[in-house]
Amino acid sequence: MSVVLISGGTGLIGRNLTAHLTARKYEVIILTRDKEKHSEKAGVSYANWDIEKQTIDESAIARADHIIHLAGAGVVDHRWTDDYKKEILESRTHSSRLLIDALSKISHHVQSFTSASAIGYYGEDPKGSAGRGFVETDPPDNSFLGETCVKWEQSVDPAGDFGLRLCKLRTGIVLSTDGGAFPEFRRPILFGIAGILGRGKQVVSWIHIQDLCRMYVQAIEDERMTGVYNAVAGLPVTNKALTLAIADALRGNFYIPVHVPEFALKLMLGQKSTEVLKSTTVSADKIINEGFTF
């Protein structure tokens, strides 16, 4: 039975990915700050790590066949104060450093290292792009999220120096009933209001949680996969189209479309408003060419 070590395993993606892996008979070890708070179950155990103190249960590294690195503070969880922006970056890069240092010091048989990244790497769709979609070789955006993603991805590069097969999944907007963006779309719709953000023309490059988990599984199992992949569905849509599709599914014709003005979003969200208002069309061609089916 292969063992998969997951950082960030208690979050939205980690919880769903754990279920996918155990269904495929993998054993999963989840890194946590306090394993005593979690109840172990069949196929799932917990191991302690402390990113701030740079300590980790060495036996977890020694047992692992694959590492999936998901750890990082939520980008949309708080306003982007200087302190929280620092936490967003360091929660990713310092956790990477802990894993890389452990791999360099501990005898192990890890075969692959798959790290999360995000489509925040890319910026606004260029004018006249006609929906081409960003591809993995495009340059990063000169923005907070763009620079964060660059440093995030660079922080795991040493895994490749150890001879591990290294994959990075630049993840789009994850849709799941368990959390993430979907409940934010759903909440006003349940009261009959379909809240379209700004003009609603901005493109949303999304992915369903089940497809994302299957993509991580493929990254483990397909030895041809290496490097960066956009983890997005092959059908990006506008914010308006996505909002109305959810409203149609939940309410039929019993809802009112309402545009939330840009100035109101800026007041509510601060700097984060740039992310919900920008249009980012991202291509899924590379992962599809690897044989992945959505």
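The protein exposes about 14400 Å² of surface, and carbon and sulfur atoms supply 53% of that area; accessible areas come from the Shrake-Rupley method with a 1.4 Å probe, and for residues only the protein chains shown count as cover. The structure is a predicted model, in which local features need pLDDT of at least 70, side-chain atom pairs count only at pLDDT 80 or more, and totals for chains, interfaces and linings use all residues. Residues are numbered from 1 along each chain as its sequence is written, and side-chain values use heavy atoms, with hydrogens and water left out.

Consider next the overall form. Along the principal axes, the C-alpha atoms fill a box of roughly 60 × 40 × 40 Å. The radius of gyration of the protein is 19 Å, which agrees with the value near 19 Å for a compact globule of 294 residues; this radius is taken over C-alpha atoms, and the globule rule is 2.2 Å times the number of residues to the power 0.38. Of the 294 residues, 51% are buried, where buried means under 20% relative accessible area, exposed over 50%, and partly exposed in between (1.4 Å probe, protein chains only).

The secondary structure comes to 11 helices and 15 strands; these are DSSP runs (helices H or I, at least four residues; strands E, at least two), numbered from the N terminus. The axes of helix α3 (residues 82-105) and helix α4 (residues 144-156) come within 8 Å and cross at roughly 10°. Axes are lines fitted to C-alpha atoms, for helices over the stretch in contact, and angles run from 0 to 180 degrees between N-to-C directions. The crossing angle makes α3 roughly parallel to α4, a term for angles under 35 degrees. Residues making the contact include Ile-88 and Leu-89 of α3 and Phe-144 and Trp-152 of α4; contact means heavy atoms within 4.5 Å.

Several loop residues also deserve attention. Ser-283 lies between α10 (273-277) and α11 (285-289) and is buried, with a relative accessible area of 10%. Leaving aside residues up to four places away in sequence, Ser-283 touches Gly-133, Phe-134, Val-135, Glu-136, Asn-230 and Val-232.

Most residues other than glycine have a negative phi. Lys-25, however, has a positive phi near 70°; this residue is found in the loop between α1 (12-23) and β2 (27-32) and counts as exposed at 62% relative accessibility. Gln-54 likewise has a positive phi, of about 60°. Its place is in the loop between β3 (44-50) and β4 (55-56), and Gln-54 is partly exposed, with a relative accessible area of 24%.

Note on methods: Parallel < 35°, antiparallel > 145°, perpendicular 65-115°, else oblique.
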